[in-house]
Amino acid sequence: MHDDVFIVGIYSTPAGRFPELSPKDLARAACVGVLSDAQLDGKDIGHIWFSNMMLDFWGQPNVKGQVCLLPLFEEGLLPAGVATSNIEAACASASLAFNGAWKDILSGECELSLAIGLEKMYDPSRRAEFFVRLEKGTDFLDPQLWTRQYEAVAKCCGAKFERGPDRSLAIDIYALWAKTHMRRYGTTVQQIAHAAAKNHTNSAGNPRAQYQFPMDVDAVLSDRVVADPLTRAMCAPISDAAAAALLCSSSYLRTLPPEVRNRAVLISGHAVAGGRSRASWEDERAPVVAARKAYKMAELNPDDIDIVELHDATSFAEIHLVEDLGFCPRGEGGPFTASGATALDGMIPVNPSGGLVSRGHPIGATGLMMLNELCLQLRGEAGAIQVQNARIGLAENGGGLIGTDLAACAVTILESTSGAEIAP
């Protein structure tokens, strides 16, 4: 068994709408990119964890990774016969693939493991069908249960739970969650808009982002309402992209050239938690539990974190997640964000990449894209969005909605190793 696990290579394609690219094209780009970043040929990869949610929309309902990666096996870019495990956990799929690769190294099963995630979401000819397919992530085994629950939650905060044909159910649920937080703590739509405006402005400096234009609070608020109180600028777009990470042991890392070792990033904490379907904001919800476990593993606390990438599928999510992760007290996420504390030059920069609402949200790739952004920061390679003196970063990636909690949540803490000696 190994004590330390490192990211030795990581890569993400840009996010966007790419009708000319197939899922296999995206998989190829991610694999070529991550091997180039690690300066490796891939022959030592002992396991592949493949993350995706919606390939059945494109006609591939099973053995998704084996099919998408087949050309790469045949060409020798990936080792023939290596085990490939397919992972699906809604928006947290890529982080669960990362979790598998991390456990590979910890257990000693292999010295080098690959996590890859991709999503192909954009098809202009089947937009309506896409939203129908996306709804299938809901509990259709017993739909009256969640319908009644959300209707009851809405009634308690003087609202109605309403569905819309041109958006995902997740947006309707996030809008309802925002209303409960606003009623409970006095959070305002202007504070939510501050989070959105910050992230859109950040993404203007990120070449991997789907949207690369700044917005101010007034522009966010004046955008089209998708589900009250959320405007379009507060909601993550449909995206195509792929990302991949190569994880290795310390013993394997020591065999590599100095220029590779110096760019490796230590995984100092990593945890996954499941949700509680009837949780209140004060309960031990999935992000709270996963964060506490990751902090404990890393022997760190929120004050030690230099930079954060979190799962803002809507900008309201950023408000409650800065609370969940311990960066401000419960109920103060709105004022904390509006104060500038989470700005690029703030006390704790959150989503310098632009976050999901602006960098993009290709479901099966999102968790690895977030980790790629952190690694670039910790290596000092983030360009215009570089956070000065960033040494420790945290990523939070949530997947699926179960009642009033996330179905799955992963929190990962990474540390720069530049100039540090790799322990045996």
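Which residue stands opposite Ala-244 in β7? In this predicted model, the residue is Tyr-11.

Strands of a sheet pair through backbone hydrogen bonds, either parallel or antiparallel. β1 and β7 run antiparallel and are joined by seven bridges. β4 and β7 also run antiparallel, with eight bridges between them. Here Leu-112 has Cys-248 of β7 as its bridge partner. Strand β1 (residues 5–12) pairs with β8 as well, in the antiparallel sense and over two bridges. Phe-6 finds its bridge partner in β8, at Leu-266.

β7 is mostly covered, with nine of its nine residues buried. In a regular strand the side chains alternate between the two faces of the sheet. Both faces of β7 are covered. Ala-241, Ala-243, Ala-245, Leu-247 and Ser-249 lie on one side. Ala-242, Ala-244, Leu-246 and Cys-248 lie on the other.

The largest nonpolar core has 64 residues. Within this core, Ile-305, Val-308, Leu-325 and Ile-413 touch the most other members. Helix α6 (residues 169–185) supplies the largest share, nine residues.

The contacts of Ile-413 reach several stretches of the chain. Leaving aside residues up to four places away in sequence, Ile-413 touches Leu-266, Ile-267, Ser-268 and Gly-269, among others. Also among its contacts are Ala-294, Tyr-295, Ala-298, Leu-300 and Ile-305. Ile-392, Gly-393 and Leu-394 are touched too.

Helix α11 (residues 286–298) has 13 residues. From first C-alpha to last, α11 reaches 18 Å, close to the 18 Å expected at 1.5 Å a residue. Its buried residues are Ala-286, Pro-287, Val-288, Val-289, Ala-290, Ala-291, Ala-294, Tyr-295 and Ala-298. Their cover includes β8 (265–274), α12 (315–324), β10 (392–402) and β11 (405–416). Just after α11, Glu-299 takes a positive phi of about 55°.

Helix α15 (residues 366–379) has 14 residues. Its reach from first C-alpha to last is 20 Å, close to the 20 Å expected at 1.5 Å a residue. α15 is mostly covered, and 14 of its 14 residues are buried.

How do α3 and α15 meet, and at what angle? The two helices pack at about 70°, with their axes 5 Å apart. Angles of 65 to 115 degrees count as roughly perpendicular, so α3 is roughly perpendicular to α15. On the α3 side, the meeting residues are Ala-94, Ser-95 and Phe-98. On the α15 side they are Thr-366, Gly-367, Leu-368 and Leu-371.

Some backbone features fall in loops. Most residues other than glycine have a negative phi, and most peptide bonds are trans. Gln-39 is not a glycine, yet has a positive phi of about 55°. Gln-39 is found in the loop between α1 (23–38) and β2 (47–51). Its relative accessible area is 48%, so Gln-39 is partly exposed.

Ala-90 also has a positive phi, near 50°. The loop between β3 (84–87) and α3 (93–107) holds Ala-90. Is Ala-90 buried or exposed? Buried means under 20% relative accessible area. Ala-90 has 16% relative accessibility and therefore counts as buried.

The peptide bond from Asp-228 to Pro-229 is cis, with omega near 10°. Pro-229 has its place in the loop between β5 (225–227) and β6 (230–231).

Technical notes. Residues are numbered from 1 along each chain as its sequence is written. This is a predicted model: local features need pLDDT of at least 70, side-chain atom pairs count only at pLDDT 80 or more; totals for chains, interfaces and linings use all residues. Side-chain values use heavy atoms; hydrogens and water are left out. A nonpolar core is a set of buried Ala, Val, Leu, Ile, Met, Phe, Trp, Tyr and Cys residues joined through side-chain atoms within 4.5 Å. Buried means under 20% relative accessible area, exposed over 50%, partly exposed in between (1.4 Å probe, protein chains only). Helices (H or I, at least four residues) and strands (E, at least two) are DSSP runs, numbered from the N terminus. Contact means heavy atoms within 4.5 Å. The expected span of a helix is 1.5 Å times one less than its number of residues. Two strands pair if DSSP finds at least two bridges between them. Axes are lines fitted to C-alpha atoms, for helices over the stretch in contact, and angles run from 0 to 180 degrees between N-to-C directions. Angles under 35 degrees count as roughly parallel, over 145 as roughly antiparallel, 65 to 115 as roughly perpendicular and the rest as oblique.
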